[in-house]
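Colleague: Could you show me the model, so that I can ask you about how some of its helices pack?

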Amino acid sequence: MRIWIVGMECAGIAEAGGVKNVVYALCREFHSLGHEVTLFIPEFGCTDRTGVEFTGDARSAAVSLCGREETVTFHKARSVRGGFGVVLVGHRAFSEKKGVYTYTESEQERNPSHVRGTGHTDMLFMDTLFQKAVCVWGTSGLCGDGIPDIIHCQDASTAVLPAYMMRSGMFPGTVCAVTVHNAGPAYHHNFRDTDEADWYTGLGREFISRTLNSGRPEPFLMALNSGAALTTVSEEYADELTDPGNSAETDGLSVIFHERGTKIKGITNGIDFSLYDPEDTGISLLPYSFSPERGELDGKYRCREFLLSGLLHCGKGGLIPGNIRQYGYISPSDGGAEVFAAYHGRITAQKGIDVLLRSVPALAENFPGLRFVIAGQGEAALEERIVRMTEELPGRIVFLNGYDRAVARLSAAACDLIILPSLFEPCGLEDFIAQIYGTIPVAHKTGGLNKILDRRTGFLYRDNTELSLTAKLSEAVSMVIYGSAAKRRMIRTAARYVHRNFRWSQVASKKYIPFFREILRNRTSRD
């Protein structure tokens, strides 16, 4: 098949959240299976050009947007690591951005209205320009005779593309699939009203009026109304997306999906073990190697010693990068066995940070040897709460505020437990990474976190309250302290389970490709 994958981020090219890993893995695996793959991605100011090898001169084309013509450039290239084709879409709206979705600290310094961690003020312009540019590539002759069989759009920022394709009439036989990576509030990239949507998209008020969610035009509904198939990143999240009881978690979208009888294909994400292998320090970025699958954990605990030696070092022995701000510190326990619990990820309400912070004081009192390592960045108010807690519990909590790949991996690998109190979680990547590194997850039983096997590969709790989290985390801490054999058995079982059952090669060949063939057959039978 000829497959176009359209996304805002891809590992090794432009990175932001977990979507980057999905996009890269699917492109690479489809390519390795013999399909003709092209990734379309904007060229941001943060794009790593060393991740691609350019294969031709830049081409330009005009895109009609907001009553004027915008000139975009197209650079054909090939992924250095993955071998698949890439088309980089260029425009000043992309190149001036230092982050894929949100402003960076340096951008805030230049313009105080561009607050670090907040979304781009011209997000809708960027989304629309990118999607229309992809459509222009396919309708202007730039792609030659390479009209795709499948266009796979990644999340709401690319979900209007099927509507542009349908309107163009230039993609006969092409089928679109749109993956919902996150349908939580603030992830929909929806328009304020019908007039705004028509101004940007030019799709017409009649079409747009049938895509409203509480009065706001919804990209996912535009995709659905244009004949696109919807997928999401775990079987459990597919069920949650069509459950009207999850209206708050989906910003009303699940009610609409339920009323329409929408079918959403759930395909649980995989993980590329070769990018994290704890036996190879050059890959893992950890200072010492170890093997949870074989129960060889000496290197894991040497990684802990390395982290605790003042918490001033990163994975290759240098100082923590300047973009990481350290608050608080870890002091040796003066009573009780030491247990280390990590949180790593985005510091946002969705991730249940509030639940975690409310449970910390009781846990710290009940277990004098319990220490917390929190790493990540996100919402300023939550970051400030974590900073205050490091002051209230000196020596018990350290907060590594910012992002660095080596620091993030070390903070997870050095701990006994990782805490995942997400209010909802479409799939989850941090549980995979933790289990590969011999760190036991303690997670809210929601969405993709259901792939954790309770009391076999980690711990799950149902009600996402501080009482439930405290109780479950207390159970896990007690096992670490008193159940050495059970702990080692769980670590080994989890590492093997993830490595054997969630390889991207299996996900691509046994899940996605059959699904693509199915929706192509359905399209042919309808025609």
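Colleague: Is the crossing of α12 and α15 left-handed or right-handed?

Modeller: The crossing of α12 and α15 is left-handed, meaning that the near helix is turned anticlockwise from the far one by less than a right angle. Please keep in mind that this is a predicted model, in which local features need pLDDT of at least 70 and side-chain atom pairs count only at pLDDT 80 or more, while totals for chains, interfaces and linings use all residues. Residues are numbered from 1 along each chain as its sequence is written, and side-chain values use heavy atoms, with hydrogens and water left out.

Colleague: And at what angle do the axes of α12 and α15 cross?

Modeller: Helix α12 covers residues 298-308 and helix α15 covers residues 405-413, and their axes (lines fitted to C-alpha atoms over the stretch in contact) cross at roughly 120° and come within 9 Å. That angle is why α12 is called oblique to α15, oblique being whatever is left once angles under 35 degrees (roughly parallel), over 145 (roughly antiparallel) and 65 to 115 (roughly perpendicular) are set aside. From α12, the residues K300, C303, F306 and L307 make the contact (heavy atoms within 4.5 Å), and they meet L410, S411, A412 and A413 of α15.

Colleague: How many of those contact residues are nonpolar?

Modeller: In the contact of α12 with α15, 6 are nonpolar, 1 is polar and 1 is charged.

Colleague: OK, what about α13 and α14, how do they cross?

Modeller: The axes of α13 (residues 353-366) and α14 (residues 380-392) cross at roughly 10° and come within 11 Å, and the two helices are therefore roughly parallel to each other. Here α13 passes α14 in a left-handed crossing. The contact brings I353, D354, L357, R358, V360 and P361 of α13 against L382, R385, I386 and M389 of α14, and by class those residues are 7 nonpolar, no polar and 3 charged.

Colleague: Changing topic, how many cavities of 30 Å³ or more are there?

Modeller: The search of the whole structure finds 3 of them, a cavity being a set of points on a 1 Å grid where a 1.4 Å probe fits but cannot get out.

Colleague: What lines the largest cavity?

Modeller: The largest cavity has a volume of about 50 Å³, and its lining (residues with an atom within 4 Å of a point) includes L124, D127, Y164, H189 and P219. Helix α4 (residues 123-139) gives the largest share of that lining, 4 residues, and the lining as a whole has 6 nonpolar, 4 polar and 1 charged residues.

Notes: Axes are lines fitted to C-alpha atoms, for helices over the stretch in contact, and angles run from 0 to 180 degrees between N-to-C directions. Ala, Val, Leu, Ile, Met, Phe, Trp, Tyr, Cys and Pro count as nonpolar, Asp, Glu, Lys and Arg as charged, and the others, Gly among them, as polar. On a 1 Å grid over the protein atoms alone, a cavity is a set of points where a 1.4 Å probe fits but cannot get out, and a pocket is an open set with protein on both sides within 12 Å along at least five of seven lines; lining residues have an atom within 4 Å of a point. Grid points are joined across faces, edges and corners, and a volume is the space filled by probe spheres set on the points.
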